[in-house]
Amino acid sequence: MDVAALLTKMTGTEKIGQLTLVTADSVVTGPVVARDVTQALHAGRVGGLFNLFGVEETRAAQRVAVEETRLGIPLLFGLDVVHGFRTIFPIPIAEAGAFDPGLWEDTARLAAEEAARAGLHLVFAPMIDITRDPRWGRIAEGPGEDPVVGASFAAAKVRGFQRHGSLGVAATAKHFVAYGACTAGRDYASADVSERSLHEIYLPPFRAAVDAGVAAVMVAFHGLAGIPLLVHDGLLRTTLRDHWGFQGVIMSDYGAIRELGRHGVAADIAEAAALALKAGVDIDMMGYAYEEGLPEALRRGLVTAAEIDAS
């Protein structure tokens with residue numbers, strides 16, 4: 001059955017479920033406690049699980065999705081695989097210092113093979129935020145301060161993770177964009193950079209990842225010049241989709257859509273969900289914002305069924 005035919009059979013709840021990525025509890029990577037997702041899986045309200053890995057573990061969850069739900073749509077399984085999976089490599093800031101794209105590609109390929117053998121389809125890597133303030137606590141996860149090195153690193157990692165002819169996984173370029181420029185190195189703080197700096201320093205690694213065929217892009221938590229990236233139509237739709245031709249999946253970071261209220265741009269969860277979806281964010285990671293907000297947004301006319309279908 002093709003996608004168009006499948007959409008005609010899906011209820012609104014099942015469609016929104018495919019836009020919902022939730023966490024298991026094998027690994028803790030965020031502030032929200034994992035819920036028991038068994039009931040949600042049976043009801044078709046989950047499209048993917050992260051922080052669950054292992055052949056037996058993923059197979060058990062996949063059996064529920066494929067054999068015990070109305071439409072049998074398989075789950076996606078994801079995990080942060082930032083510097084290796086079973087085999088651990090130097091952290092990205094250290095690996096970048098080798099200035100060796102072949103090495104970067106090889107380490108990503110091995111990580112991808114190990115992750116795929118553990119039942120994973122999707123990795124939340126490479127992290128390609130250019131950072132020039134050593135106070136930022138996440139500088140260790142990226143390639144450093146230079147956009148040329150960052151672009152080469154991004155392309156090599158995408159090729160390695162997604163290499164054809166071997167066990168591969170879908171890569172996710174994160175965090176779009178200028179997350180490493182947050183004010184005073186304070187995580188989640190807004191960034192304020194010029195158009196020139198944005199295009200010459202912070203965007204090139206993401207453009208390189210898109211040109212290399214990256215499957216997914218994760219949007220940053222923070223705001224850029226006062227606009228939360230999750231609702232930044234100019235960057236998500238105009239730059240990423242229209243100018244660069246990105247055809248993959250755009251996802252939020254952990255619980256980020258729900259946090260749009262804290263940015264002051266959404267009065268409630270329905271408005272937050274509508275703003276993110278209309279800006280082009282396809283997948284809500286661990287915020288339950290689409291599950292809770294999109295039905296009400298539809299009732300209010302804030303989004304359309306066609307927009308949900310597109311995501």
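Mentor: The expected span of a helix is 1.5 Å multiplied by one less than its number of residues. Helices here are DSSP runs of H or I with at least four residues, strands are runs of E with at least two, and both are numbered from the N terminus. The model is predicted: local features need pLDDT of at least 70 and side-chain atom pairs pLDDT 80 or more, while totals for chains, interfaces and linings use all residues. Residues are numbered from 1 along each chain as its sequence is written, and side-chain values use heavy atoms, leaving out hydrogens and water.

Trainee: How far apart are the end C-alpha atoms of helix α6?

Mentor: They are 24 Å apart, which agrees with the 24 Å that the 17 residues of α6 (residues 101-117) should span at 1.5 Å a residue. At the start of α6, a side-chain oxygen of aspartate 100 comes to within 3.1 Å of the backbone nitrogen of glycine 102. After α6 comes glycine 119, with a positive phi near 90 degrees.

Trainee: Which residues of α6 are buried, and what covers them?

Mentor: Buried means under 20% relative accessible area, exposed means over 50%, and partly exposed is in between (1.4 Å probe, protein chains only). The buried residues of α6 include Trp104, Glu105, Thr107 and Ala108. Their cover includes α5 (92-96), β4 (122-123) and α7 (147-162).

Trainee: What does glutamate 113 touch?

Mentor: Contact means heavy atoms within 4.5 Å. Glutamate 113 is in helix α6 and counts as buried at 15% relative accessibility. Not counting residues up to four places away in sequence, glutamate 113 touches Ser166 and Leu167.

Trainee: How many aromatic pairs does the structure hold?

Mentor: A pair of aromatic rings is described by the distance of the centres and the angle of the planes. Rings of Phe, Tyr and Trp (its six-membered ring) pair if their centres lie within 6.5 Å; planes under 30 degrees apart are stacked, over 60 edge-to-face, and the rest tilted. The structure holds nine such pairs. In one of them, the ring centres of tryptophan 136 and tyrosine 179 are 5.0 Å apart and the planes are at 80 degrees, so this pair is edge-to-face. Tryptophan 136 is in the loop between β4 and α7 and tyrosine 179 in the loop between β5 (172-176) and α8 (195-202), so the pair ties together parts 43 residues apart in sequence. Tryptophan 136 and tyrosine 179 are both buried.

Trainee: Which kind of pair do tyrosine 188 and phenylalanine 221 form?

Mentor: That pair is stacked, at 4.4 Å centre to centre and 15 degrees between the planes. Tyrosine 188 sits in the loop between β5 and α8, and phenylalanine 221, 33 residues apart from it, in the loop between β6 (216-219) and β7 (223-224). Tyrosine 188 is partly exposed, at 38% relative accessible area, whereas phenylalanine 221 is buried at 7%. Trp136, Tyr179, Tyr188 and Phe221 form one aromatic cluster.

Trainee: At what angle do α8 and helix α9 pack?

Mentor: Axes are lines fitted to C-alpha atoms, for helices over the stretch in contact, and angles between N-to-C directions run from 0 to 180 degrees. Under 35 degrees counts as roughly parallel, over 145 as roughly antiparallel, 65 to 115 as roughly perpendicular and the rest as oblique. The angle between α8 and α9 (residues 204-211) is about 50 degrees, with the axes 5 Å apart; the two helices are therefore oblique to each other. Leu198, His199, Glu200, Ile201 and Tyr202 in α8 meet Pro204, Pro205 and Phe206 in α9.

How values were computed:
A polar contact is a pair of N or O atoms within 3.5 Å; within protein, one must be able to donate a hydrogen and the other to accept it, and residues adjacent in sequence count only if both atoms are side-chain atoms.
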